[in-house]
Amino acid sequence: MSDRSADDVPESTVTEPAHTWKPTFGQRSADAVEPGPATGADEPAKVPILGIPLALIDYERTMEWIDEMVWARRRGYVSAAAVHLVMVSQEDPETRRAVLGCSLAVPDGQPLVWAMRSLGHDASRVYGPELMARYCERSAKTGTRMYLYGGRNQGALVQLALNLRQRYPGVKIVGGYSPPFRALTDEERDRVIDDINGCGADVVWVGIGQPKQEKWMAEFRDRLDSSVLIGVGAAFDFHAGLVPQAPDWMQHMGLEWLFRLAHEPRRLWRRYLRYNPRFISGFVRQYVRSRLLGRGS
């Protein structure tokens, strides 16, 4: 899912610094419930789809993995991968390196889940907006501190935070930043890093679209103290109430792309026309090879 990719959005004319928003609430309370200790469980198995390893995991195990990373103070980053990201990774080496550097790339798109299942794996969808919603509900109990990086503008970012606080009372959102629609300057990069590290966030939600968010997470990962960075694409717009989500039945049938195309045709038609047929033809070749080799991976 990708609402802020570089080929979708024209260069910004914004000349003033992007907006930073930091609430006065959100510090961990004395009675907050700490996540339990790490279980020592192995990393989930991964299935390569067109060379991109996607995790065999579900919502609950993904959230447990995040909690374990936070508890153990380990660092990593997660991508909720859609077909668009997999296909851009075939063409752009920087995107491919960023995606291959993920601790977890979870199958956000239903077609990716079908592809994994056709190879004989018990795959589940981990939809970025739903993962964000479920983890916010969970973190209201655990006290995990979260930062929001993204949003169309400052107003959208504030609305997102307000909506999350209303839906999940007790959720700890300790800061946020709405970046401009252009590359950050060195000064802005340093300001973002200081802001995130200064507020003590455990998890950073990144909603600037694929593949921009994957590149951002790869670039900033080593400079941030937060345990987990999670790229969730259009989740910010959905949860802020700016863009409608496809009905469940369309998502289950793999028709979410059609719903989004109907709502944003001018922005999305080139993407779907370019990448959807290429994904189908590319995966057919992978499937045939796997059958000829007698393997399901």
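First, the ground rules. Residues are numbered from 1 along each chain as its sequence is written, and side-chain values use heavy atoms, without hydrogens or water. Because the model is predicted, local features need pLDDT of at least 70 and side-chain atom pairs count only at pLDDT 80 or more, while totals for chains, interfaces and linings use all residues.

Start with the backbone. Helices (H or I, at least four residues) and strands (E, at least two) are DSSP runs numbered from the N terminus. Between strand E8 (203-207) and helix H8 (212-220) is a loop that holds proline 211. The peptide bond leading from glutamine 210 into proline 211 is cis, with omega near 0°.

Next, positive phi. Leucine 50, not a glycine, has a phi of about 50°, and lies in the loop between strand E2 (46-49) and strand E3 (52-55). Arginine 73, also not a glycine, has a phi of about 60°; its loop runs between helix H1 (59-72) and strand E4 (76-81).

Are these two buried or exposed? Leucine 50 is buried at 14% relative accessibility, whereas arginine 73 is exposed at 55%. Buried means under 20% relative accessible area, exposed over 50%, and partly exposed in between, with a 1.4 Å probe and protein chains only.

Last, the helix contact. Residues of H1, including Tyr59, Met63 and Ile66, meet residues of H5 such as Leu131 and Tyr135, where contact means heavy atoms within 4.5 Å.
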